[in-house]
Amino acid sequence: MLVIGIAGGTGCGKTTVVNQIINELPDEEVGVISQDSYYNDLSHLTLPERRETNFDHPNSIDFKLLAQHLKALKDGHSIQQPVYSFLECNRKEETVPTHPTKVLIVEGILILTNPEIREMCDIKIFVHADSDERLIRRLKRDVNERGWDLDETLEKYQTILKPMHDQFIEPSKEYADIIIPNNKYNTVAVDIVRSIVNEKLV
Ligand SMILES: Nc1ncnc2c1ncn2[C@@H]1O[C@H](COP(=O)(O)OP(=O)(O)O)[C@@H](O)[C@H]1O
Ligand SMILES: Nc1ccn([C@@H]2O[C@H](COP(=O)(O)O)[C@@H](O)[C@H]2O)c(=O)n1
């Protein structure tokens, strides 16, 4: 199994890049695991308390379970991947059966901050977009899709997202084998990664 780790700050375009890479590739050959599925279970908190959580700190992720699942998939075993609700700020009851594939992409803001996960990635990619681009994209998404208002999102950016990005996410760039500039759509970089994936699939 070829494991590709894809990190980068919120709104840099990780999900978009992943979709461009896997577009038209057979589902049974290429799998995707999102770090978001592995946010800690916060069922003991109320929704208002969960909404106050710092979701950009490495401690917000159950990296132990993620590493365990990656190892199982690499060893050829299926896993039950947790499902996350951004509206509820918590894991759902249901899980998704996820089977081993020839290529596995693991994506998330904090993927390259964890030594054990880094160790399991054959190729480490960091998607870069400038902070103003990322803030604009994030604002649109939080307000239109995730039930936050403008002021809440801006405050969260200043008090959590930016400090966590500077402390944990940006420094993890040094571990990347490939950095994809993504202020604009970068079809050349995506094609290079697609050709690496295709090589593994023949
Ligand atoms: N290169 C790009 N140029 C303009 N908009 C982009 C680009 N890449 C992604 N987007 C948009 O920015 C938003 C965030 O992208 P997404 O892929 O979800 O980022 P991430 O997964 O890193 O948070 C989405 O609305 C997406 O369509
Ligand atoms: N309940 C939550 C959990 C996380 N977030 C934010 O998601 C961001 C990571 O996802 P990207 O697609 O942007 O990489 C992260 O910055 C968290 O703040 C959230 O809004 N709500």
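Which residue stands opposite A7 in β6? The residue opposite A7 is F126. This is a predicted model. The protein chain contains 7 helices and 7 strands, and 5 of the strands form an open parallel sheet.

**Overall build**

- The order of elements along the sequence of the protein chain is β-α-β-α-α-β-β-β-α-β-α-α-β-α.
- The C-alpha trace of the protein chain spans about 50 × 35 × 30 Å along its principal axes.
- A compact globule of 202 residues would have a radius of gyration near 17 Å, and the protein chain has 17 Å, so the value agrees with that expectation.
- UniProt lists residues 3–188 as "domain: Phosphoribulokinase/uridine kinase", in an unreviewed entry.
- The span 3–188 is 37% helix and 22% strand, and its end C-alpha atoms lie 21 Å apart.

**The parallel sheet**

- Strands of a sheet pair through backbone hydrogen bonds, either parallel or antiparallel.
- In the open sheet the strand order is β2-β5-β1-β6-β7, with parallel pairing.
- The edges are β2 (30–34) and β7 (178–181), each of which pairs on one side only.
- Neighbouring strands of this sheet are turned by 20° against each other on average, direction ignored.
- β1 (residues 2–7) and β5 (residues 103–107) run parallel and are joined by 5 bridges; within this part of the sheet, I4 stands opposite I105 in β5.
- β1 is also joined to β6, by 4 bridges and again in parallel; here A7 faces F126 in β6.
- β6 in turn pairs with β7 over 4 bridges in the parallel sense, with V127 opposite I180 in β7.

**Helix α1 and the sheet**

- Helix α1 lies across β1, β2, β5, β6 (123–128) and β7.
- The direction of α1 is at about 170° to that of β5.

- β3 (residues 79–85) and β4 (residues 90–98) run antiparallel and are joined by 6 bridges.
- Y84 has R91 in β4 as its bridge partner.
- The two strands, β3 and β4, form a hairpin with 4 residues between them.
- In the turn of this hairpin, C89 has a positive phi of about 55°.

Note on methods. Residues are numbered from 1 along each chain as its sequence is written. Chains are lettered from A and ligands numbered from 1 in the order in which they are written. This is a predicted model: local features need pLDDT of at least 70, side-chain atom pairs count only at pLDDT 80 or more; totals for chains, interfaces and linings use all residues. UniProt positions are given in the numbering used here, feature names are shortened, and annotations may be inferred rather than shown by experiment. Two strands pair if DSSP finds at least two bridges between them. Axes are lines fitted to C-alpha atoms, for helices over the stretch in contact, and angles run from 0 to 180 degrees between N-to-C directions. Two residues are in contact if their C-beta atoms, placed from the backbone, lie within 7 Å. The radius of gyration is taken over C-alpha atoms; the globule rule is 2.2 Å times the number of residues to the power 0.38.
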